[in-house]
Amino acid sequence: MLKEKIKNPKAEIFFLSGGTQTNLIAISFLLRVHEAVISAKTGHISANETGAIEATGHKVITYPPYEVRV
């Protein structure tokens, strides 16, 4: 059904058990060994998934979150 929806009968589809695993696989596949993830310090990938991401050798670089001043 998914292959029909994306109109690609040759697509390989894999199901993962959670967001951390999904981010880990996507980041390790998409980034080269010298590249990193940039995230707000309060971002989920920085606050909750850093260990998993950095276990692949990629660094999670954080920056302060944007503050709205009125």
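What percentage of the 70 residues of the protein count as buried?

## Overall form

In this predicted model, 17% of the 70 residues count as buried. The radius of gyration of the protein is 16 Å, whereas a compact globule of 70 residues would have a value near 11 Å. Taken along the principal axes, the box filled by the C-alpha atoms is roughly 50 × 35 × 20 Å.

The secondary structure consists of four helices and two strands, and these elements follow one another from the N terminus in the order α-α-β-α-α-β.

## Surface and charge

The protein has an accessible surface of about 6,000 Å², and carbon and sulfur atoms account for 59% of that area.

## Two residues in contrast

Lys7 belongs to the loop between helix 1 (2-5) and helix 2 (19-30), and although Lys7 is not a glycine, it has a positive phi of about 55°. Lys7 counts as exposed because its relative accessibility is 74%, which is over the cut-off of 50%.

Ser39, in turn, is part of strand 1, which covers residues 37-40. Its relative accessibility is 7%, so Ser39 counts as buried, the cut-off being under 20%. When its neighbours within four places in sequence are left aside, Ser39 is in contact with Ile45, Ser46, Val60, Ile61, Thr62 and Tyr63.

Note on methods: Residues are numbered from 1 along each chain as its sequence is written. This is a predicted model: local features need pLDDT of at least 70, side-chain atom pairs count only at pLDDT 80 or more; totals for chains, interfaces and linings use all residues. Side-chain values use heavy atoms; hydrogens and water are left out. Buried means under 20% relative accessible area, exposed over 50%, partly exposed in between (1.4 Å probe, protein chains only). Contact means heavy atoms within 4.5 Å. The radius of gyration is taken over C-alpha atoms; the globule rule is 2.2 Å times the number of residues to the power 0.38. Accessible areas come from the Shrake-Rupley method with a 1.4 Å probe; for residues, only the protein chains shown count as cover.
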